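Hi everyone, thanks for coming.

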Amino acid sequence: MIDSPRLETPNPAIRVQNLNFQWPGGARVLKSCSLAVPEGEFWMLLGTNGSGKSTLLRLLAGLLESQSGDIDIRGRVGFVFQNPDHQLVMPTVGADVAFGLVEDRLPQPEIRQRVEDALAAVKLLELQRRPIYALSGGQKQRIAIAGALARHCQVLLFDEPTALLDPDSQRDLVSQVRQLVKNRGITALWVTHRLDELDYSDGAFLLENGRVVAAGNPEPLKRRLMRRV
Ligand SMILES: Nc1ncnc2c1ncn2[C@@H]1O[C@H](COP(=O)(O)OP(=O)(O)O)[C@@H](O)[C@H]1O
Ligand SMILES: [Mg+2]
């Protein structure tokens with residue numbers, strides 16, 4: 001069954017209520033948009049191009065400010081973009097994962113420990129000294145995720161992280177991220193237009209005309225969207 005937007009969700013780590021957003025001089029993108037993601041669950045967000053998915057994620061990450069409505073997020077937020085080249089800023093893997101920790105002025109031994117732990121979590125510990133340019137697209141995405149893990153983010157937002165990957169790397173990434181967030185009790189919201197990825201989710205939202213028009217079990221949502229193509 002597809003529920004209406006689940007404001008009644010117990011224990012949400014992400015909660016959005018009646019959010020309104022309009023770009024300056026542009027269209028109203030979000031119109032009283034509401035959703036909730038339960039703590040520790042992996043939810044996906046779907047919607048046609050231009051429906052406002054990236055805008056919503058940027059609002060959740062605090063990169064944009066809404067005109068009205070409420071956003072409640074429990075814990076530190078990490079963001080993984082579609083193109084990792086827009087996100088990885090340091091010349092080597094180890095330096096990049098350490099970047100946020102250096103900014104936070106953590107002591108060196110703790111930085112080393114966290115970087116190793118995060119790289120081990122994404123199964124790339126052996127690449128610690130590798131230059132970023134020598135990585136594949138899927139490896140770069142896992143480095144971006146390691147950066148968020150090292151900062152101990154409890155909420156992860158993914159904006160079409162598989163859009164630039166081939167089908168094998170796409171499946172590897174989504175299955176690995178599912179396992180990772182489950183192991184660590186992280187709450188994740190993953191934007192995608194690839195319906196096969198829904199199989200890895202705990203639930204999904206459909207964004208249409210500025211609001212969430214369906215939320216809940218991914219199976220019926222997948223069937224409904226497959227009928228459209
Ligand atoms: N920086 C911007 N300035 C003005 N309008 C924007 C900007 N970014 C996106 N938009 C507009 O906001 C709407 C939603 O865009 P977006 O959130 O990127 O959608 P999606 O990620 O679902 O494809 C679109 O109409 C888009 O043209
Ligand atoms: Mg987008």
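Let's start with a term: when I say contact, I mean heavy atoms within 4.5 Å. This is a predicted model, where local features need pLDDT of at least 70, side-chain atom pairs count only at pLDDT 80 or more, and totals for chains, interfaces and linings use all residues. Residues are numbered from 1 along each chain as its sequence is written, chains are lettered from A and ligands numbered from 1 in the order in which they are written, and side-chain values use heavy atoms, with hydrogens and water left out.

The protein splits into domain 1 (1-75 + 168-229) and domain 2 (76-153), with bounds that come from an automatic or database domain assignment. Their C-alpha centres are 25 Å apart. Where they meet, 14 residues of domain 1 are in contact with 14 residues of domain 2.

How much area is buried between domain 1 and domain 2? About 1,200 Å², and carbon and sulfur atoms give 67% of that. Buried area here is the accessible area (1.4 Å probe) that two parts lose on being put together, summed over both. On the domain 1 side, Gln176, Leu180 and Arg184 lose the most area to domain 2, together 41% of what that side buries.

By salt bridge I mean a side-chain nitrogen of Lys or Arg within 4 Å of a carboxyl oxygen of Asp or Glu. The count between the two domains is one salt bridge, while a search of the whole structure finds ten.

Another of these bridges joins the side chains of Glu39 and Arg74, at 2.8 Å from N to O. Glu39 sits in the loop between β3 (28-38) and β4 (42-46) and Arg74 in the loop between β5 (68-73) and β6 (77-80), so the pair ties together parts that are 35 residues apart in sequence. The strands are DSSP runs (E, at least two residues), numbered from the N terminus.

Finally, which residues surround ligand 1? Among them are Trp23, Val29, Lys53 and Thr55, counting a residue as near if one of its heavy atoms lies within 4 Å. A backbone N or O atom of Gly50 is 2.7 Å from an oxygen atom of the ligand, and a polar backbone atom of Gly52 is 3.0 Å from a ligand oxygen. Ser54 uses a polar side-chain atom, 2.9 Å from an oxygen atom of ligand 1.

Terms used. Polar contact = N/O pair within 3.5 Å; in protein donor to acceptor, adjacent residues only side chain to side chain. Helix = DSSP H or I, 4+ residues; strand = E, 2+ residues; numbered from the N terminus.
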